[in-house]
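Reader: Please show the structure, and then let me ask how its descriptions were reached.

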Amino acid sequence: MSKIIQIAPLGTKEDKLEQIADYLEELKHEMGEVLEEYEAEGAGNETLDTLTEALDALSDAYDAIEEITAGEM
């Protein structure tokens, strides 16, 4: 299986985290759009709740990486 994203193999660990944060930000945006499409189509509450939880998890991962790269930990 090939990788969907490419992280610079020779970059510092901080560079890698910043790249991952960038990808997470893109994923959050895309997930938000997918969630809106499901809402517009009248998807059930269980589906919307699950997609919202997934979006929240992406946001939490992004926030955690931002804290580490900002030196707040």
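Reader: How do you know that the end-to-end distance of helix 2 agrees with its 25 residues?
Author: The model is predicted, and the check is a computed one. Helix 2 covers residues 45-69, and at 1.5 Å a residue it should span 36 Å; its end C-alpha atoms are 36 Å apart, so the two values agree.

Reader: Which residues of helix 2 are called buried, and what makes them so?
Author: Buried means under 20% relative accessible area.

Reader: What do the buried residues of helix 2 pack against?
Author: They pack against helix 1, residues 13-40.

Reader: What follows helix 2?
Author: Gly71 follows helix 2, and its phi is positive, near 75°.

Reader: How many helices and strands does the protein have?
Author: There are 2 helices and 0 strands.

Reader: Why is the protein called more spread out than a compact globule?
Author: For 73 residues the globule rule gives 11 Å, and the radius of gyration is 15 Å, well over that value; therefore the protein is called more spread out than a compact globule. The C-alpha trace spans about 45 × 35 × 15 Å along its principal axes.

Reader: What share of the residues counts as buried?
Author: Of the 73 residues, 14% do. The accessible surface comes to about 5,700 Å², with 52% of it belonging to carbon and sulfur atoms.

Reader: How far apart are the mean positions of the positive and negative charges?
Author: They are 16 Å apart, for 4 positive and 21 negative charges.

Notes. Residues are numbered from 1 along each chain as its sequence is written. This is a predicted model: local features need pLDDT of at least 70, side-chain atom pairs count only at pLDDT 80 or more; totals for chains, interfaces and linings use all residues. Side-chain values use heavy atoms; hydrogens and water are left out. Helices (H or I, at least four residues) and strands (E, at least two) are DSSP runs, numbered from the N terminus. The radius of gyration is taken over C-alpha atoms; the globule rule is 2.2 Å times the number of residues to the power 0.38. Buried means under 20% relative accessible area, exposed over 50%, partly exposed in between (1.4 Å probe, protein chains only). Accessible areas come from the Shrake-Rupley method with a 1.4 Å probe; for residues, only the protein chains shown count as cover. Lys and Arg count as positive and Asp and Glu as negative; His and the chain ends are not counted. The place of a charge is taken as NZ of Lys, CZ of Arg, CG of Asp or CD of Glu. The expected span of a helix is 1.5 Å times one less than its number of residues. Contact means heavy atoms within 4.5 Å.
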